[in-house]
There are 2 protein chains.
Amino acid sequence: MVPLSERKLVEVCYTPGQYHLYKENFDIVVVIDVLRATSAITSALHHGVEKIIPVSSVEEARAYQSQGYIAAAERDGQVVEGFPFGNSPYAFMDPALKGKTVVLTTTNGTKAIQYASDRPTVVIGCLNNLDALCKWLIEQHRNTLILASGWKDKVNLEDTICGGAIADILLDSRKFRADEDSTVAAKFIYRSAKEHLWSFLRSSSHRRRLVKLNIQKDVKYCLTLNTVDTIPILENGYLVKLQPVEAE
Amino acid sequence: MVPLSERKLVEVCYTPGQYHLYKENFDIVVVIDVLRATSAITSALHHGVEKIIPVSSVEEARAYQSQGYIAAAERDGQVVEGFPFGNSPYAFMDPALKGKTVVLTTTNGTKAIQYASDRPTVVIGCLNNLDALCKWLIEQHRNTLILASGWKDKVNLEDTICGGAIADILLDSRKFRADEDSTVAAKFIYRSAKEHLWSFLRSSSHRRRLVKLNIQKDVKYCLTLNTVDTIPILENGYLVKLQPVEAE
């Protein structure tokens, strides 16, 4: 057990709009957008996409597209006209994308990545890579901010739950501490939810929105814990797969 | 049971900084600052203070003071120098204040009241007047936004719990519905907390801050449910006691 004074911080920020209130003193930012951007990014790199270029605006994505890049764009849960796909994790599993670079813009997630990029290290979290990510974060043992993408600067349930899960695991290691009430609350929401994640998220407005869009299959994929051990990391503007360090 | 389409909205906004994202379509705003501004305001009017003038800045409070008003000011949990008291509920029980008008500025609560004053009706909520307030809100049956004061634009646990409690009671009446995930999450945090409110709030950074300031007695007062039936309401810039309407 690490003494309290030597523990590192782990905190959860619920929305990009509050990021400026939190960001000081953090070395690592974990960006979360469970439904669906960060689940899709993780899935993509896991299934062989080599690099993802996250961009904030549809215009930027179009500019890349006109230069010959494969580009994906989602707004309000739907694929933007003129793009082959949006942020469905399944779309990124296409074998034709293996070894390729894909440009991506989404309603909330890529904006959060943009904000976070002012910190030294940015990684991507979702429920699919939860345990692998937490194991790595505990090994790093640095001040870690979990930035939930939310929904248009309001809090959303699934990102708060995922953030609460990461915080809970890091705090359980006794190598981290939390000072913020947002972190304590997220941990409690996760604990309320974890035994029945799917039914819990029926309460979620976001999920209701997505059900209307007929993407139940995506939602189920995104809400499944620990299916992959891939951790996407931002390097020079590209999201790439973090290479596992061999034990000596 | 009111059909879903005829139900009114009840939503919880966690911080004044997010108020602009929520405020449209609401007729009533309930401002909450459990530790301690809204508990103190409720206590004051309950114990005979006639009017409270909430002001955002210490300078405004000083200006009133120089005109002969009784003024109270709190910043960061402490009484501001030059003022006789801050936001301790006990200070407002002083019999010498009966029938008087008191000017009040606090770190978070009076700022939230200022923001909310652009809506038709602003009332004050806390754990002390929970049931009386909810009964009145259900009778009004109008779109109701619960604005938590938070701590310097970050979420805090005690206001989220109180907001979740109000939302839970209003939703239970089947006359209200909630669309926002912030409301669903607040409700779940309240339900996790309600059986052991005091120990739950030990997790709260805000409470830890207050313990350092030696105001355990205040904290205990503020965390006690349903001690009064007073509902403060904002009328022409003054917080006054809502007069009960006699049943016909």
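**Figure 1. Surroundings of B:E74 in chain B.** Leaving aside neighbours within four places in sequence, B:E74 is in contact with B:V79, B:V80, B:G86, B:N87, B:T106 and B:T107, where contact requires that the C-beta atoms of two residues, placed from the backbone, lie within 7 Å. The structure is a predicted model, in which local features need pLDDT of at least 70 and side-chain atom pairs count only at pLDDT 80 or more, whereas totals for chains, interfaces and linings use all residues. Residues are numbered from 1 along each chain as its sequence is written, and chains are lettered from A and ligands numbered from 1 in the order in which they are written. B:E74 belongs to strand β4 (residues 70-75) of chain B; strands (E, at least two residues) and helices (H or I, at least four residues) are DSSP runs, numbered from the N terminus. B:E74 is buried because 26 other C-beta atoms lie within 10 Å; a residue is buried if 20 or more other C-beta atoms, placed from the backbone, lie within 10 Å of its own, exposed if 12 or fewer, and partly exposed in between. The C-alpha atoms of B:E74 and B:V58 are 8.4 Å apart in space, with the two residues 16 residues apart in sequence.

**Figure 2. The loop residue B:P16.** B:P16 is found in the loop between β1 (8-13) and α1 (19-22) of chain B. It counts as buried, because it has 22 C-beta neighbours inside 10 Å. Not counting residues up to four places away in sequence, B:P16 touches B:K111, B:A112, B:Y115, B:L147, B:S149, B:G150 and B:D153. B:V31 is 15 residues from B:P16 in sequence, and the C-alpha to C-alpha separation of this pair is 9.7 Å.

Figure 3. B:A132 is part of helix α5 (residues 130-140) of chain B. B:A132 is partly exposed because it has 18 other C-beta atoms within 10 Å. Residues up to four places away in sequence not being counted, B:A132 touches B:D229 and B:I231. The C-alpha atoms of B:A132 and B:Y19 are separated by 25 Å, the residues being 113 residues apart along the chain. The axes of α5(B) and helix α6 (residues 157-172) of chain B come within 10 Å and cross at roughly 45°; axes are lines fitted to C-alpha atoms, for helices over the stretch in contact, and angles run from 0 to 180 degrees between N-to-C directions. α5(B) is therefore oblique to α6(B), since angles under 35 degrees count as roughly parallel, over 145 as roughly antiparallel, 65 to 115 as roughly perpendicular and the rest as oblique. This contact joins B:L130, B:L133, B:C134, B:L137 and B:I138 of α5(B) to B:A165, B:I166, B:I169 and B:L170 of α6(B). Its residues comprise nine nonpolar, no polar and no charged, with Ala, Val, Leu, Ile, Met, Phe, Trp, Tyr, Cys and Pro counted as nonpolar, Asp, Glu, Lys and Arg as charged, and the others, Gly among them, as polar.

**Figure 4. Packing of α6 and α7 in chain A.** The axes of α6(A) and α7(A) are 7 Å apart, and the helices pack at an angle of about 100°. α6(A) is therefore roughly perpendicular to α7(A). From α6(A), the residues A:T160, A:I161, A:G163, A:G164, A:A165, A:A167 and A:D168 meet A:T183, A:A186, A:K187, A:I189, A:Y190, A:R191 and A:A193 in α7(A). By class, this contact has seven nonpolar, four polar and three charged residues.

**Figure 5. The interface of chains A and B.** In this pair, 22 residues of chain A are in contact with 22 residues of chain B. Helices α6, α7 (181-193) and α9 (205-212) of chain A each supply at least two residues of the side that touches chain B. The most is given by α7(A), with seven residues. The side of chain A that touches chain B divides into eight nonpolar, nine polar and five charged residues. The copies meet through the same surface, because 100% of the interface residues of chain A are also interface residues in chain B.
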